[in-house]
Amino acid sequence: MKKIFTILATLAALVCFSNAAKAGIPVIYGNGVEIATLHTLPDSVTLSTFDEDLDDVHVDLGVSFKEFHIFWIPMWTYGDVQYALIDNQNDVYYDISQEFAEEIGPEFGIQIAGPARIPFWHRIGGKLIWGALIVAAAWGAFKGKDDQDEAVTGSEPAEE
């Protein structure tokens, strides 16, 4: 039980003390806009393909959304999920409407079915890892307690 409390207290302290980031200690939690590529478009597709006034930079089709993470493992997502054209070289994205995504999808052989969805890793994957870590910590705490109990009660009975 002490191990679980220690782990939870450590995580709470790390989340609460944001001044550590200002002191030069690496930031291990955060939140903000994340982008994820859903479909890689051909190399010939650039921003200027869609609007002549834009740069000639290759883009892919993806989504943008907001996410909170600890140790760079996603905890939860929030806010609107939006289709986006993503410039992966510069980590830049351009939000587009669902209608525009549905319009350009068939042009590049992509089936756009309904509203934008967050990829599995961001939606569920991080929660699975955190759940596994919590279960492993709890199992280790209880297993250690059982081993200590066996050591105390497992002694040889005294001979009469």
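**Aromatic pairs, core and sheet**

The structure holds four aromatic pairs, a pair being two rings of Phe, Tyr or Trp (its six-membered ring) with centres within 6.5 Å, called stacked when the planes are under 30 degrees apart, edge-to-face when over 60, and tilted otherwise. In the pair formed by Phe50 and Phe100, the ring centres lie 5.7 Å apart and the planes meet at 75°, so this pair is edge-to-face. Phe50 belongs to helix H3 (residues 47-50) and Phe100 to helix H4 (residues 98-104), so that the pair, with its partners 50 residues apart, links distant parts of the chain. Ring pairs also bring in Phe108, which joins Phe50 and Phe100 in a cluster.

The model is a predicted one, in which local features need pLDDT of at least 70 and side-chain atom pairs count only at pLDDT 80 or more, while totals for chains, interfaces and linings use all residues. Residues are numbered from 1 along each chain as its sequence is written, and side-chain values rest on heavy atoms, with hydrogens and water left out.

Phe50 has a relative accessible area of 24% and is therefore partly exposed, and Phe100, also at 24%, is partly exposed as well; buried means under 20%, exposed over 50%, and partly exposed in between, for a 1.4 Å probe and protein chains only. By this scale, buried residues make up 24% of the 160 residues in the protein chain.

The protein chain has five helices and four strands, taken as DSSP runs of H or I over at least four residues and of E over at least two, numbered from the N terminus. Read from that terminus, the elements follow the order α-α-β-α-β-β-β-α-α.

The largest nonpolar core comprises 17 residues, and Leu61, Val63, Tyr83, Leu85, Ile96 and Ile112 have the most contacts inside it; a core of this kind is a set of buried Ala, Val, Leu, Ile, Met, Phe, Trp, Tyr and Cys residues joined through side-chain atoms within 4.5 Å. Strands E2 and E3 and helix H4 each supply at least two residues of this core, and E2, with three residues, gives the most to it.

Leu85 is found in strand E3 and is buried at 4% relative accessibility. The C-alpha atoms of Leu85 and Ala101 are 9.2 Å apart, while the two residues are separated by 16 positions in sequence. Ala113 lies in the loop between H4 and helix H5 (120-153) and is exposed, with 63% relative accessibility; its C-alpha atom is 7.7 Å from that of Glu102, eleven residues away along the chain.

The strands form an open sheet of four in the order E1-E2-E3-E4, with antiparallel pairing, two strands being paired if DSSP finds at least two bridges between them. Strands E1 (29-39) and E4 (92-95) are the edges and have a single partner each, so one side of each has no neighbour in the sheet. Strand E3 (residues 73-87) and E4 run antiparallel and are joined by four bridges, with Ala84 opposite Asp95 of E4. Four residues separate the two strands in their hairpin, where Asp91 takes a positive phi near 50°.

Asp95 also reaches strand E2 (residues 60-70), where Ser64 lies, through a side-chain to side-chain polar contact of 2.8 Å with Ser64, that is, N or O atoms within 3.5 Å, one able to donate a hydrogen and the other to accept it. Ser64 is buried, with a relative accessible area of 5%. Its contacts, apart from neighbours within four places in sequence, include Val33, Glu34, Ile35, Asp80, Val81, Gln82, Ala84, Tyr93 and Asp95. In the protein chain as a whole, 57% of the contacts between residues at least 6 apart in sequence join residues at least 24 apart.

Key:
Contact means heavy atoms within 4.5 Å.
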